[in-house]
Amino acid sequence: MGEKVVAGAFDLSDRQHYRDKLRQCLAGLERLLAEQRFDRPKNLMGLEIELNLAGADGAPRMLNGQVLERIASRDFQTELAMFNLEVNIAPHRLGGRVFDRLAEELRTSLAYAHRKAVEVDAGIVMIGILPTLGPDDLVSANLSEVDRYTLLNDQIVAARGEDFTLDIHGVEHLSCTAKSITPEAACTSVQLHLQVTPGRFADVWNAAQAVAAAQVAVGANSPFLFGRELWRESRPPLFLQSTDTRPPELQAQGVRPRTWFGERWISSAYELFEENLRFFPALLPIRDDEDPLGVIAAGGTPKLAELVLHNGTVYRWNRPVYGVADGVPHLRVENRVLPAGPTITDVLANAAFYYGVVRALAEESRPIWTRLPFSAAAANFDVACRDGIDARFVWPRRGRLGGVAEVDAVALVRDELLPLAAAGLDAWGVEAVDRDFYLGVIEERCRLRANGATWQVATFHRGVEAGLSREEALAATTRRYGELMRVGEPVHLWPVGVGEVVAMG
């Protein structure tokens, strides 16, 4: 959805013509794959982080236009709502001291952005869901002033035909309605990109799906929404419900949601793009003048603009991406399961764990997806979102026993996945000092059973016990989170508590 689109009305023929164009794009993708036109292996990774703007009081600030004007960098751009920003880091080759280099780039970029935000009484907060958000913050009037967001909102609202229902049963129960997709903006995440060859795509995507639950368990950082304590990682149910074009009747029929985990292991990237066309009507039927098959026949590289735009409106947790760089097409797996934060060190520890374990799992002689039912991987993901670091998964037994068994998420990560991640980072050529430091952060989270979600919950309850109201405790938790985020020590080292407690009134 990063492409610029212009708001406007669609007539009845637009969707049919767009569907025809999508089929041409899909045929073009199939031809590019058959002709082996894709980029050679480059071991390239990319990183995007969605951010919140909050004031010194911890409350959201609807000021992204003013902040972006002051930052004046193409690395930063708008996101869905006025309290959101996104920072994009240029692709890096996996290897050497890549994570330390990324850490330095991010520290410099985010510190600069924070200084500029402070000029308008705002600040950068890197967190899965800002605990101080209320229903009045997530209304269509607070959508970013960008045509594509207005148009996307209008089309999803029209497709649904009624208010969106937010109904999440967690530690507490949240039940409310929304008239727009703006609640989606509460979900701020990290997207990890990995460029892969077509021949390796399916193995990497399958591995990413299998490990998504473990990523969430150790990285959960979104326990609050609208003052309620919900799931340890509440972004996925919120994202699903706030973009759901299906009224209850279509849900009852089993129509697939646009935000979904998927339903099967794959054998090629083509299958995912084809599913997107087969299952999901177009939301933004905006056509490009390109003739993709004509471009290929002339020896050129097509943009496949309609396919790319449509793909951006299907919110898979591991998304296929088609791109063109220097006139050469490439494929990427975009991993979207992780929340933002808590610190740059935590973000890069999550990234090191992901890139390492995905490589190792993708290259196993007995792949995980031949031993784990897809339905179990999907169920694991839901359990991880609900229970975070205390989750228990269904996972293949080690050794000759075969079959699956229930396993504690921490034990699985510590005993099986971290050694695989270390081997995977070695295979990428990452230096041992980076490997050991960043995977050590994950190991310490497992040892202490601590992550961003556990800290937020414990700190909030400590504030309530000290006499703060629920709203005061959430605000104090957010302020303390911002302070510790800027200090930069990983979250497992954060002291629980809001610091000096001052009850209002």
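In this predicted model, the side chain of Gln 195 forms a polar contact with the side chain of Asp 39, at 3.3 Å. Gln 195 lies in strand β7, which spans residues 189-196. Setting aside residues up to four places away in sequence, Gln 195 touches Asp 39, Arg 40, Lys 42, Leu 44, His 330, Leu 331 and Arg 332.

Thr 245 is located in a loop, between α6 (235-242) and α7 (248-252). Beyond its neighbours within four places in sequence, Thr 245 is in contact with Ile 156, Ala 159, Arg 160, Arg 258 and Leu 283. Thr 245 and Ala 269 are separated by 24 residues in sequence and, from C-alpha to C-alpha, by 25 Å in space.

The table sets out the accessibility of the two residues.

| Residue | Relative accessible area | State |
|---|---|---|
| Gln 195 | 12% | buried |
| Thr 245 | 14% | buried |

A further topic is the packing of two helices. Helix α5 (residues 198-219) packs against helix α12 (residues 374-387) at an angle of about 25°, and their axes are 7 Å apart. The two helices α5 and α12 are therefore roughly parallel to each other. The crossing in which α5 passes α12 is left-handed. On the α5 side, the contact is made by Trp 205, Gln 209, Ala 212, Ala 213, Val 216 and Ala 217. On the α12 side, Phe 374, Ala 377, Asn 380, Phe 381, Ala 384 and Cys 385 take part. Classified by type, the contact of α5 with α12 comprises 10 nonpolar residues, two polar residues and no charged residues.

Terms used. Residues numbered from 1 in each chain as written. Predicted model: local features only at pLDDT ≥ 70, side-chain atom pairs only at ≥ 80, totals over all residues. Heavy atoms only, no water. Helix = DSSP H or I, 4+ residues; strand = E, 2+ residues; numbered from the N terminus. Buried < 20%, exposed > 50% of the residue type's maximum accessible area, 1.4 Å probe, protein only. Contact = heavy atoms within 4.5 Å. Polar contact = N/O pair within 3.5 Å; in protein donor to acceptor, adjacent residues only side chain to side chain. Axes fitted to C-alpha atoms, helices over the stretch in contact; angles between N-to-C directions. Parallel < 35°, antiparallel > 145°, perpendicular 65-115°, else oblique. Left-handed = near helix turned anticlockwise from the far one by under 90°. Nonpolar A, V, L, I, M, F, W, Y, C, P; charged D, E, K, R; others polar.
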